[in-house]
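Let's take a friendly walk through this model, starting from a single residue and moving out to the spaces around the fold. Please have the structure open as you read.

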Amino acid sequence: MDAVDHWRSQLEAWALPQDLLDAVPWNPYEWPAELFSRRDTSVANQDLAERHTNAVIRRFEPVSLIDIGAGTGGSCLQYAEEGVAVTAVEPDGAMAAKLRSLIAERGVTVDVIEGSWPDAAGLVLPADVVTCSHVIHNVPNPGPFLWAMQSVARRAVVIQEFEVHPWAHLGPYYRQLHGLDRPVGPTVDDLVAVIEELLGLVPAVERWNGGRPMWFVDRDELLTFYGRRLLVPDDRRADLEAALGPHIVELGNGRVQLEDREKAMATIWWRV
Ligand SMILES: C[S@@+](CC[C@H](N)C(=O)[O-])C[C@H]1O[C@@H](n2cnc3c(N)ncnc32)[C@H](O)[C@@H]1O
């Protein structure tokens with residue numbers, strides 16, 4: 001199997017069983033814009049959490065930057081504040097709306113394009129650095145996505161990703177709550193193999209631990225968030241609490257988190 005097929009088949013293996021999806025009235029894949037934006041309260045926090053990726057981006061001294069799958073701006077608003085001409089591409093309406101309100105709040109300029117990559121590639125002008133952070137695990141067909149990134153980058157493409165699938169840490173809970181085994185990949189090594197196969201180049205890879213963890217104001221909010229991802233119907237709330245309870249950490253600063261650990265991450269980049 002080639003690298004692209006291996007990538008795709010690993011993502012397909014993440015499909016949730018239809019009977020579990022039918023048992024709840026919500027979409028477990030929804031992006032909760034408020035929770036995402038809450039993680040990124042200050043430029044200093046962002047820089048500290050993702051200093052490796054930022055160090056790589058800054059090496060290219062970008063005057064312009066495209067952030068694909070920008071979400072609520074966790075990776076790109078700091079560059080807009082520094083005067084970089086930022087284009088943010090984001091397909092999710094709620095995420096894009098929250099991003100626009102944060103842009104207004106911070107008084108910065110960002111060109112927000114509400115669209116999916118690579119469909120939106122024709123709407124952007126080339127930029128010095130083209131980046132995406134925690135997006136490629138949503139992309140089963142990475143070829144057009146990566147080619148389009150490469151085609152609008154003047155100096156570098158910089159990708160930040162989790163070492164494994166972002167939901168891999170939920171595997172033990174799926175098993176406990178539903179008797180369901182979950183995969184772990186695709187991994188950063190799988191992504192590197194895809195880049196080598198598709199673009200014929202060997203990217204640099206820097207591995208580190210950190211990131212911006214999702215945090216909650218109390219246990220109830222945390223249980224509601226993970227209950228949706230884990231497809232636990234409301235009448236099984238006690239089971240959910242029993243499974244997650246031992247792993248909930250009160251951080252003591254008004255924040256509650258599932259598992260107090262830094263995640264294994266990677267910055268994957270290449271010059272164009
Ligand atoms: C985990 S969030 C990451 C947000 C932000 N980059 C960050 O690091 O905080 C993933 C984002 O990618 C977006 N996304 C998913 N598939 C995409 C695609 N094909 N093109 C552009 N954005 C995409 C989602 O809508 C979501 O906002």
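**Around Thr53**

Setting aside neighbours within four places in sequence, Thr53 is in contact (heavy atoms within 4.5 Å) with Val158, Gln160, Trp208 and Thr267. This is a predicted model, in which local features need pLDDT of at least 70, side-chain atom pairs count only at pLDDT 80 or more, and totals for chains, interfaces and linings use all residues. Residues are numbered from 1 along each chain as its sequence is written, and side-chain values use heavy atoms, with hydrogens and water left out.

Thr53 sits in helix α5 (residues 51-59); helices are DSSP runs of H or I with at least four residues, strands are runs of E with at least two, and both are numbered from the N terminus. Thr53 counts as buried because its relative accessibility is 5%, where buried means under 20% relative accessible area with a 1.4 Å probe and protein chains only. The side chains of Thr53 and Gln160 are joined by a polar contact of 2.5 Å; such a contact is a pair of N or O atoms within 3.5 Å, one able to donate a hydrogen and the other to accept it, and residues adjacent in sequence count only if both atoms are side-chain atoms.

Thr53 and Gln160 are also among the residues lining the largest cavity, together with others including Glu50, Asn54 and Cys132. A cavity is a set of points on a 1 Å grid over the protein atoms alone where a 1.4 Å probe fits but cannot get out, and lining residues have an atom within 4 Å of a point.

Methods. Buried means under 20% relative accessible area, exposed over 50%, partly exposed in between (1.4 Å probe, protein chains only). On a 1 Å grid over the protein atoms alone, a cavity is a set of points where a 1.4 Å probe fits but cannot get out, and a pocket is an open set with protein on both sides within 12 Å along at least five of seven lines; lining residues have an atom within 4 Å of a point.
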